[in-house]
Amino acid sequence: MNDAKIVELYLKREESAIRQTAEKYGRRLRSLSCGIVGDLSTAEECENDTYMEAWNSIPPHEPKKYLYAFLARIIRHISIDRCRSRSRLKRSAFLCELSDELEQCIPAPDDTECRIDDYLLREAINGFLGTLEEEKRSIFLRRYWYLDSVSAIAGRFSLSESNVKTILFRCRSRLRSYLEKEGYDL
């Protein structure tokens, strides 16, 4: 079933929407969550919470053309919140490590005015990602969106870990330069 039809089921408040969503995207969502929380049972809980959040969010949202991205964003936030709430030291350290890697590239919103600029920043980052070669863009997203480890990325792309680290370092440097050219004060 295509995304538009699944969203229509949500809009009609039919419970089969959740079943259809789970059949089409359940494995991918669990995998995304498992990479963040580190265990399958917690990932399954996050997946179920994602379906509930989607049920409550559709309507007013109607992600007919981007249902997986909509669900991935929800499960990612739920999974990160689950890590924080459980105070899992190892995973929290991992999230801090990723934040430290990007904090020099992306300005953190400290006040209401900065939060208003989030949309423009998102567009700038998307513009930057559009300038990267497909493999580099995929590596960057695997690390900073899906929170994959460097070793997992190296295995996925048949690269050495040092090569992946170099690619990520160069991408962060390019992102910093790109954002500075776009007028962001880093």
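## Aromatic cluster and pairs

Phe128, Phe140, Tyr144 and Tyr178 form one aromatic cluster. The model is predicted, so local features need pLDDT of at least 70 and side-chain atom pairs count only at pLDDT 80 or more, while totals for chains, interfaces and linings use all residues. Residues are numbered from 1 along each chain as its sequence is written, and side-chain values use heavy atoms, with hydrogens and water left out.

The whole structure holds five aromatic pairs. Rings of Phe, Tyr and Trp (its six-membered ring) pair if their centres lie within 6.5 Å; planes under 30 degrees apart are stacked, over 60 edge-to-face, and the rest tilted. Tyrosine 25 sits in helix H2 (residues 16–37) and tyrosine 68 in helix H4, so the pair ties together parts 43 residues apart in sequence. Helices here are DSSP runs (H or I, at least four residues), numbered from the N terminus. Both tyrosine 25 and tyrosine 68 are buried.

Phenylalanine 128 and tyrosine 178 also pair. Their ring centres are 5.8 Å apart and their planes lie at 55 degrees, so this pair is tilted. It links distant parts of the chain: phenylalanine 128 is in helix H7 (residues 118–131) and tyrosine 178 in helix H10 (residues 161–181), 50 residues apart. Phenylalanine 128 is buried, at 1% relative accessibility. Tyrosine 178 is partly exposed, at 22%. Buried means under 20% relative accessible area, exposed over 50%, and partly exposed in between (1.4 Å probe, protein chains only).

## Charges over rings

Two arginines lie over tryptophan faces. Arginine 13 is over tryptophan 55, at 4.2 Å from the ring centre. Arginine 76 is over tryptophan 145, at 4.3 Å from the ring centre. The test asks for NZ of Lys or CZ of Arg within 6 Å of the ring centre and within 35 degrees of the ring normal.

## The second largest pocket

The second largest pocket has about 290 Å³ of space. A pocket is an open set of points on a 1 Å grid over the protein atoms alone, where a 1.4 Å probe fits, with protein on both sides within 12 Å along at least five of seven lines; lining residues have an atom within 4 Å of a point.

Its lining includes Glu53, His61, Tyr68, Arg73 and Trp145. Helix H3 (40–57) and helix H4 (67–86) are the elements that give two or more residues to this lining. H4 gives the most, with six residues.

Definitions and conventions. Points joined across faces, edges and corners; volume = space filled by probe spheres on them.
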